[in-house]
Amino acid sequence: MTTNALKRQREPDDEIVVVPAYSPTNSADTMTTSSANTATTTILDLPTELIEYICCCDSLKLIDIFNLAVSHSKLNNCLFHERNSCLWKSKFIQKYGLLDNEEYEVVIDEQNTWKDEIMLRMSLDKAVPAEIIQMPCKYMKFKNVPYHLYPFSQYLNSKNEGHRYYILSAIAAYYKQLQSNECRNENYDLLYMAHQFLIYSCQVYFGYKLSNFLSLPPAEQIVERGFYLLGRWWCPTVNIPYRDINKSLNNIAIDVCNRIRSTNPVHPLFEHENCLKQVVERGKFNLDHDLFDETSTMFILDNIRQIIFSEDQLICYCNHDLNCFLLQQVIDRRKGSVFLLCVIFESVARRLGVKVRLTATSVHNFVSWSSSWPGNKRKNPTCYLVDIAGGGVMRKATVCPVSRKLPEQYIGNSILDLFWTFSKTVEQLTIENMATYKYVLDFQKLLKPDDSEVEFKCQKFHQYYDYCRCPLLRNPSNPYAPNHVDEKNIMYTDWEEIFPLVPKTRGEIHDPKYSIGMMIDTITMGNGSCSSIVTKRGVVVGWTRVPSNNPLPNPTVYHVLIRPDHYFSTAKYQNPVIKAIWEGRYEKLQRQLKPYDYSFKNIGKFFTHYSHELCAFVPINDLAQLYPDDLSYTISKSKNIDCKVKQFTGPHVVPKY
């Protein structure tokens, strides 16, 4: 048996992990001769099925399987010939954990075998970080990274949900690695691109799941699962799996059961021995009706109130904290938006056999209940409102005798209606967070793609803010691929000056006094009747010399990453722009040495980190090569300011993206 024969049997990625097992004293021929001349039984004498069974053991890692396979032809054929064996499934689960169909589903067929799946996922775990490392220099010239230029679109928009998940898993793991690094503030460029790609991949992945969820029959639309998907859509950095949400809600329901048992052990809730198991099972589907009579059900609702509302200040009315609008966070903190507390109440009640309805009106959000027990003889049972904002207190409600609706109740309370009402509620966050407003618009566009009002708001938003369009706008003729409407390669206006083809060197008569990475203040003095002085801070990302015959005192134009200066109040929420600035009659430039401005959204597209020794940002390699002398110039200037600037000892601030 030759080495060449083995190489043909390996997968392309195996080259990285396989350790050759050949030596003059340990060849296939030696092993065969040894087994023939002695009575000792080796692994080669075992049946193929038993060899495969041994290799499924958790103590053997994937690299051990590769090394074993190249040691002998029989082992190679035994382990690699069957691509869909239980061996590869066991190694997939061993490396990536138990499969959870609530998170993603791996489709196994003739084209996608277990061996192919683990090979693909391992390759993407390496390819995604490698692609992110190249992103800053690739997208440096763009105002915003256009969605259609992002990599791995063939996997992100695959019909196979598992392939979409592999991309999201790889980017989430790499992003977590960058954040856990002790020097995470020295990874602006990688953290910036990782965050951008994480948001995009998360919106695509959970956008598909939201679309599939909305297409389910109403009986299968579990309300907490819908709001879980929405939370992952809005905040991709909160990486909590659905099974944890489900477990938390089960635990609350079990606490209610224990309280009921302590006060009323003969309650019909405990008629069956496995009542707690039934509580968990009822969390997986919607109820058609109450399981108990009116008296028993009201007793359950009262105990739910005492468990859920045992703490003070449960309701939060803030308009600046996104955590109050994320189901995962509200359950953990037991505090948040009244809307999500209604969702929690409904979820716990359903597990205990009570069918309640989320009821949104034009003024309040409630949980309404009227007995739907099949044995109830009353034609029109009393309707109650569970006032969530009021601590879960129940009170009788007046309903229309014909429509059986509450006054001012919305026409419908389907999942789509609840999502729409919730999206309108979250719009209050946009007062301080325009990125959240973008997510709200994207979600409303997903819910009502043909709504003219939503389309108008989207057009106005993208007119004023340099955000890319929603990645979930689908082409009806091709629903598995994103249709990035009006997507363009929008570059900075003077990108050829900022990022020149020929590097700009120093050593001439009119050298600029500021270099790339330095923070400068632009002091604009009023002229004529206006005597105000406006100071704006920015970071130099490039410079251009003005011809020497120019009368300006400092003939250099600086390209500065700076806040846009629009007249409307929301300008501070827009992406920073690169503005051409020079010293003139009414402008003065002054170097800023205090390192407190880390909040530029695009800072990581140009710089790797802020250096306290240099009092400047350190450019990424591709930008530094365009201005090769600027780093040494910055170092020379930093020696003169060491005695003037007190060393920064405060906490590092992670840049806001």
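**Reading the model**

Author: The count comes to 17 salt bridges, a salt bridge being a side-chain nitrogen of Lys or Arg within 4 Å of a carboxyl oxygen of Asp or Glu. This is a predicted model, in which local features need pLDDT of at least 70, side-chain atom pairs count only at pLDDT 80 or more, and totals for chains, interfaces and linings use all residues. Residues are numbered from 1 along each chain as its sequence is written, and side-chain values use heavy atoms, with hydrogens and water left out.

Reader: Which side chain meets that of Arg-225 in a salt bridge?

Author: Side chains of opposite charge can pair when their charged atoms come close. Here Arg-225 meets Glu-102, at 3.4 Å from N to O. The pair links distant parts of the chain, 123 residues apart: Arg-225 belongs to helix H12, and Glu-102 to the loop between helix H7 (86-96) and helix H8 (114-138). Helices are DSSP runs of H or I with at least four residues, and strands are runs of E with at least two, numbered from the N terminus.

Reader: How many residues of H12 are buried?

Author: Twelve of its twelve residues are buried, among them Phe-227, Trp-233 and Trp-234.

Reader: Which residues touch the most other members of the largest nonpolar core?

Author: In soluble globular proteins, nonpolar side chains tend to be buried together. A nonpolar core is a set of buried Ala, Val, Leu, Ile, Met, Phe, Trp, Tyr and Cys residues joined through side-chain atoms within 4.5 Å. The largest one has 127 residues, and those touching the most other members are Phe-197, Phe-227, Ile-304, Ile-344, Val-348, Leu-352 and Ile-388. Helix H11 (residues 188-214) gives the most to this core, with 16 residues.

Reader: With which residues is Ile-304 in contact, leaving aside its neighbours within four places in sequence?

Author: Contact means heavy atoms within 4.5 Å. The partners of Ile-304 beyond those neighbours are Val-256, Phe-309, Phe-345, Val-348, Ala-349 and Leu-352.

Definitions and conventions:
Buried means under 20% relative accessible area, exposed over 50%, partly exposed in between (1.4 Å probe, protein chains only).
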